[in-house]
Amino acid sequence: MAVVGAGIVGLAHALAAAKAGKRVVVIDRDPRANGASIRNFGFVTVTGQDRGESWTLARRTRDIWAEVATVAGIAVEQKGLILTVRRPEAVAVAQAFLNTEMGEGCAWLNATDLRGRHPAITAPDALGALVSSHELRVESRSALPKLVVWLSAAHGVTFMTETLVHAIEPTRIETSRGPVRAEVAIVCPGDDFVSLFADRIAAYRPQRCRLSMLRLASPGFRLPAPVMSDLSLVRYGGYAALPQAEPLRRRLAADQGAHLSNGVHLIAVQSADGSLVVGDSHHYADLPAPFAPTEAEACILDEFHRATGLNPPAVIERWVGTYAVAQDRTFFIDAPAPDIRLVMVTSGTGASTAFGIAERTIADLF
Ligand SMILES: Cc1cc2nc3c(=O)[nH]c(=O)nc-3n(C[C@H](O)[C@H](O)[C@H](O)COP(=O)(O)OP(=O)(O)OC[C@H]3O[C@@H](n4cnc5c(N)ncnc54)[C@H](O)[C@@H]3O)c2cc1C
């Protein structure tokens with residue numbers, strides 16, 4: 001089996017195929033993963049994923065991440081989620097969420113409990129927090145290379161890097177290094193919409209989303225878990241699709257219009273050295289320009305301050321990343337031919353759903 005793309009979606013398919021007993025080669029045009037899969041938070045999120053399929057895939061993916069992390073020597077840097085809430089409208093969304101099946105493993109902390117259990121979070125106007133036990137966080141920029149080493153050592157997966165795939169026929173993959181023979185091909189091209197099966201991809205009308213990301217110096221203490229806030233409740237589908245989200249959306253439009261127009265919400269996670277990865281913004285286009293507005297960065301830092309009560313430490317790194325988006329689905333598995341699959345995560349959730357999606361693709365093929 002040939003897998004095109006060595007991002008997390010390609011690696012997840014390599015693992016699922018190897019577990020099914022296939023001999024696998026992963027082909028990527030770059031020397032190592034350098035796209036969305038290493039630019040993300042490494043936040044494997046269950047709570048807040050779209051209700052139904054995405055939420056189910058995220059739970060399965062989280063379980064596989066936990067297994068793989070242990071055997072591949074990948075540190076789980078943080079677990080769980082603390083979503084601090086500052087507005088009555090946001091409390092209503094959190095409470096409604098807890099009353100759904102997705103509330104399993106989650107709880108509400110009132111303001112006193114929040115301060116008592118998590119004194120690092122000092123937001124003066126926090127009314128409480130939605131907490132979840134489901135999440136885990138890895139450092140993607142080191143986790144992906146470790147996954148590659150482990151797939152190779154433990155599952156005999158071969159990696160062909162600096163190799164562009166420019167055509168796929170059943171049993172023959174045309175690459176910049178010559179043909180590769182494979183019975184089955186799975187294409188996981190990230191947000192490359194044109195190199196392979198451009199017409200099939202175009203049918204899903206994908207766009208790209210550009211995100212601004214920051215690394216902040218260590219604040220000098222450990223954040224107890226990844227932190228999100230009110231703005232996340234109108235962005236993540238598991239919350240935002242609840243009817244209670246509409247009054248919150250109106251309130252946020254009045255209070256934090258610049259944040260909403262830059263698609264800003266807060267995710268703050270912490271690395272082993274204490275530094276924080278904080279983001280993000282969302283700007284959509286067919287080809288987002290690489291010029292990230294400083295307004296988005298200011299909104300991210302402002303929300304960090306409001307949600308945690310902490311003055312943001314110094315910015316020590318900045319980067320942007322892009323991923324594929326579609327209006328009407330969070331991912332697709334397309335079949336250009338009986339032995340070829342095209343898999344694209346069309347939402348910012350690939351680290352949280354890839355392993356579950358890959359199991360489906362392999363089950364469907366064999
Ligand atoms: C800033 C940012 C933050 C995010 N945060 C999170 C998060 O915390 N949690 C989460 O779940 N998701 C997050 N996401 C989304 C997640 O990172 C993506 O959904 C996921 O990484 C997509 O993985 P991929 O393998 O499809 O794509 P990519 O990582 O883009 O990999 C695709 C690979 O395919 C290769 N390729 C493409 N075409 C060819 C070809 N023809 N020949 C050879 N090679 C080819 C490319 O070189 C590339 O290496 C975030 C994304 C960004 C940008």
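Figure 1. Strand E9 (residues 171-175) runs antiparallel to E8 and is joined to it by four bridges. The model is a predicted one, in which local features need pLDDT of at least 70 and side-chain atom pairs count only at pLDDT 80 or more, while totals for chains, interfaces and linings use all residues. Residues are numbered from 1 along each chain as its sequence is written, and side-chain values use heavy atoms, with hydrogens and water left out. Helices (H or I, at least four residues) and strands (E, at least two) are DSSP runs numbered from the N terminus. Two strands pair if DSSP finds at least two bridges between them. Ala 167 faces Glu 174 of E9. The sheet is open, has three strands in the order E8-E9-E10, and its pairing is antiparallel. Strand E8 (165-169) and strand E10 (178-182) are the edges; each has a single partner strand, so one side of each lacks a neighbour in the sheet. Ignoring direction, neighbouring strands of this sheet are turned by 20 degrees against each other on average.

**Figure 2. Salt bridge between Arg 172 and Glu 174.** The two side chains meet in a salt bridge, N to O at 2.5 Å. A salt bridge is a side-chain nitrogen of Lys or Arg within 4 Å of a carboxyl oxygen of Asp or Glu. Arg 172 is partly exposed at 34% relative accessibility, and Glu 174 is partly exposed at 22% relative accessible area. Here buried means under 20% relative accessible area, exposed over 50%, and partly exposed in between (1.4 Å probe, protein chains only).

**Figure 3. Salt bridge between Glu 317 and Arg 141.** The closest N and O atoms of this salt bridge are 3.0 Å apart. The pair links distant parts of the chain, with Glu 317 in strand E17 (residues 315-325) and Arg 141 in helix H6 (residues 140-155), 176 residues apart. Glu 317 is partly exposed, with a relative accessible area of 30%; Arg 141 is partly exposed as well, with 37%.

Figure 4. Arg 249 and Glu 246 form a salt bridge through their side chains (2.6 Å, N to O). Both residues lie in helix H9 (residues 245-255), three residues apart, which is about one turn of the helix. Arg 249 has a relative accessible area of 27% and is partly exposed, and Glu 246 is partly exposed with 36%. Salt bridges also link Arg 87, Glu 89, Asp 230, Arg 251 and Asp 255 in a network. The count of salt bridges by this rule is 23.

**Figure 5. Crossing of helices H3 and H12.** The axes of helix H3 (residues 53-72) and helix H12 (residues 350-365) come within 6 Å and cross at roughly 95 degrees. H3 is therefore roughly perpendicular to H12. Axes are lines fitted to C-alpha atoms, for helices over the stretch in contact, and angles run from 0 to 180 degrees between N-to-C directions. Angles under 35 degrees count as roughly parallel, over 145 as roughly antiparallel, 65 to 115 as roughly perpendicular and the rest as oblique. The H3 residues that meet H12 include Leu 57, Ile 64 and Trp 65, and those of H12 include Phe 355, Ile 357 and Arg 360. Contact means heavy atoms within 4.5 Å. Eight nonpolar, five polar and four charged residues make up the contact of H3 with H12. Ala, Val, Leu, Ile, Met, Phe, Trp, Tyr, Cys and Pro count as nonpolar, Asp, Glu, Lys and Arg as charged, and the others, Gly among them, as polar.

Figure 6. Strand E1 (residues 2-4) and strand E11 (residues 185-187) run parallel and are joined by three bridges. Val 3 has Ile 186 of E11 as its bridge partner.

**Figure 7. Surroundings of Pro 336.** Pro 336 is in strand E18 and is partly exposed at 22% relative accessibility. Beyond its neighbours within four places in sequence, Pro 336 contacts Phe 197, Arg 200, Arg 341 and Leu 342. Pro 336 and Arg 200 are 136 residues apart in sequence, with C-alpha atoms 7.3 Å apart.
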